[in-house]
Amino acid sequence: MNDAIFSQLDFGPLDEFLRLDDVTDISYSNGGQVWLKTLSKGVFKVERPEINNALMEKLAFQCSNVMGKTFNMAHPFLDAESTELRMNFVHDSIATNGIACLIRKTPAKIRLNKEKLLNEKYVSEDLLDFLLQCVQGHANIIVSGETGSGKTELVKYLASTTKEDEKIISIEDTLELHLDRIFPHRDIVAMKTNNIASYTDVLVTCMRQNPIWILLSEVRSAEAVLAVRNSISSGHHILSTIHSDKAASIPMRMYSLLESNQEVDQFLSTIHRYVQIGVYVKGYMSKELGRFQREIFEICEFYVDEDNVAQTNVIYQKSMDGKMSLNNPTKHLRDYLAIQGVLLPDTIFRTNVNPPNNGVSQGQVGGQNGV
């Protein structure tokens, strides 16, 4: 659905929220409930009696008419997408308490910058500088977190710090990154999968385009896991996101999505060998700050040791009670970055913040010290 068609829609009172930069999602359900997801306050309910079933049904039928699709009991699901807006409708024959709708805004802008990250206590300056050095050193980075934690925004920011002459190809099933529009002067190709061109098909073509970076919007299927594995094992560098409750669990989470009989240790060794950094971002209501807070809670380094055993070095970890542990990168990461021209000293962090939680072997606590 192109932007010209989308401009024909009458959003009525919903337009108030669509115009607010702070609003990222609008959810309608349950015969009149309107819930907003914002950058500053998280998720909360608003009272708007004029936003009701009749309005949402009218909007759904507008979408279906301009798209040339049917929305009824026989076709109860409707998806519409423009450059910066995604809409999903569920017919009331399926959503029995009334039509349901989710509107997600995907603006072509980088919402994060270094000043904002530091001022809002998203991450400390030394950890941010470390992550930026990892990007400059072409480390493969996967950002994890729950829905609404800001994974994609962090990946967009990290991608914005890549070198100007490094070609980027993004592969998405729903458009969210918009790097080609944010940086029109750069060599960026935005690819979108569909029912004709799968992740595998697009990835094969992507390789022939000779990118330096491949950005996968989210790893959420077996095909996406294979796309990540094939990308990194062929020497390309990736930035991507995944749903996971901590950074150390990323490799095992990828294995659980694989849906195959591949031997677990072999798969984990592959991921630990080629994915250097895992990051966990959490979104929560902060009593201390009195607002919704997004924050990096964990940074892990993955590597394979001399005995070919997959290891995880927890570089940074914060608990909800505020306790932090800090651990220097291992020689494995320092050597990898050095080959790419980024030199890290043996000790880049003060590691006496709290006793560090070191050496996680194949995703389980315990094992060798990572310093």
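The largest pocket of this predicted model has a volume of about 680 Å³. A pocket is an open set of points, on a 1 Å grid over the protein atoms alone, where a 1.4 Å probe fits and protein lies on both sides within 12 Å along at least five of seven lines; lining residues have an atom within 4 Å of a point. The volume is the space filled by probe spheres set on the points, which are joined across faces, edges and corners.

**Largest pocket**
- Its lining comprises 34 residues, with Gly148, Gly150, Lys151, Glu153 and Arg294 closest to the centre.
- Two or more lining residues come from each of strand 1 (23–29), strand 6 (100–105), helix 4 (114–119), helix 6 (151–160) and strand 13 (291–304); helices (H or I, at least four residues) and strands (E, at least two) are DSSP runs numbered from the N terminus.
- The lining holds 17 charged, 11 polar and six nonpolar residues, where Asp, Glu, Lys and Arg count as charged, Ala, Val, Leu, Ile, Met, Phe, Trp, Tyr, Cys and Pro as nonpolar, and the others, Gly among them, as polar.

**Second largest pocket**
- This pocket has a volume of about 530 Å³ and is lined by 27 residues, of which Lys121, Glu295, Tyr316, Lys318 and Met324 lie nearest its centre.
- Strand 13 gives the most to this lining, with four residues; helix 5 (125–136) and strand 14 (310–318) are among the elements that supply at least two.
- By class, the lining has 14 nonpolar, eight charged and five polar residues.

- Six strands form an open antiparallel sheet in the order 3-2-1-6-5-4; two strands pair if DSSP finds at least two bridges between them.
- Strand 3 (42–46) and strand 4 (77–81) stand at the edges with a single partner strand each, so one side of each has no neighbour in the sheet.
- Helix 3 (residues 53–67) packs on the sheet and touches strand 1, strand 4, strand 5 (85–90) and strand 6, contact meaning heavy atoms within 4.5 Å.
- Six bridges join strand 1 to strand 2 (residues 33–38), and Val23 has Thr38 as its bridge partner.

**Confidence**
- The mean pLDDT (the predictor's confidence in each residue, from 0 to 100) of the chain is 88, and 93% of its residues reach 70 or more.
- Over residues 353–371, pLDDT stays under 50.
- Where pLDDT is low, the predicted coordinates should not be read in detail.

**Basis**
- Residues are numbered from 1 along each chain as its sequence is written, and side-chain values use heavy atoms, without hydrogens and water.
- Local features need pLDDT of at least 70 and side-chain atom pairs count only at pLDDT 80 or more, whereas totals for chains, interfaces and linings use all residues.

Methods. Axes fitted to C-alpha atoms, helices over the stretch in contact; angles between N-to-C directions.
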